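Me: Hi! I would like to go through the words used for this structure and ask what stands behind each of them. Could you take me through it?

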Amino acid sequence: MQTTTLSVEGMMCSHCKQRVEQALKAVPGVTDAAADVEKKTATVTGDADRAALIAAVEQAGYKAK
């Protein structure tokens, strides 16, 4: 199992945090996801493809890299 950290732009509140976490947890292969509004990051545990994680965050309305 690996840990991936993404930079996420556009999160400003706890609602944003929840949306990003839900989007990431829905990606196949993700076992856990935690977003941090202050650091503007999301840390994902699992074996999901990085491109799929970025796409999920962007579909939720945020920018990721």
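Me: What makes Ala-51 and Gln-59 count as exposed?

Reply: Exposed means over 50% relative accessible area, buried under 20% and partly exposed in between, taken with a 1.4 Å probe and protein chains only. Ala-51 and Gln-59 are exposed, and they sit on the face of H2 turned away from its buried side. Before we go on: this is a predicted model, where local features need pLDDT of at least 70 and side-chain atom pairs count only at pLDDT 80 or more, while totals for chains, interfaces and linings use all residues. Residues are numbered from 1 along each chain as its sequence is written, and side-chain values use heavy atoms, leaving out hydrogens and water.

Me: Which residues of H2 are buried, and why are they said to be on the same side?

Reply: They are Leu-53, Ile-54, Ala-56 and Val-57. The arc is that of the directions from the helix axis to the C-beta atoms. Here the arc is only 160°, so these residues lie on the same side of H2.

Me: Why is Thr-4 called buried?

Reply: Its relative accessible area is 10%, and buried means under 20%, so Thr-4 is buried. Thr-4 belongs to strand E1; a strand is a DSSP run of E with at least two residues, a helix is a run of H or I with at least four, and both are numbered from the N terminus.

Me: How do you know what Leu-53 is in contact with?

Reply: Contact means heavy atoms within 4.5 Å. Leaving aside neighbours within four places in sequence, the contacts of Leu-53 include Thr-4, Leu-24 and Val-44.

Me: What makes a nonpolar core, and which residues touch the most other members?

Reply: A nonpolar core is a set of buried Ala, Val, Leu, Ile, Met, Phe, Trp, Tyr and Cys residues joined through side-chain atoms within 4.5 Å. The largest one has 21 residues, and Val-8, Val-20, Leu-24, Leu-53, Val-57 and Tyr-62 touch the most other members.

Me: Last one: why do E1 and E4 count as paired?

Reply: Strands pair if DSSP finds at least two bridges between them. E1 and E4 are joined by 2 bridges and run antiparallel, so they meet the definition.
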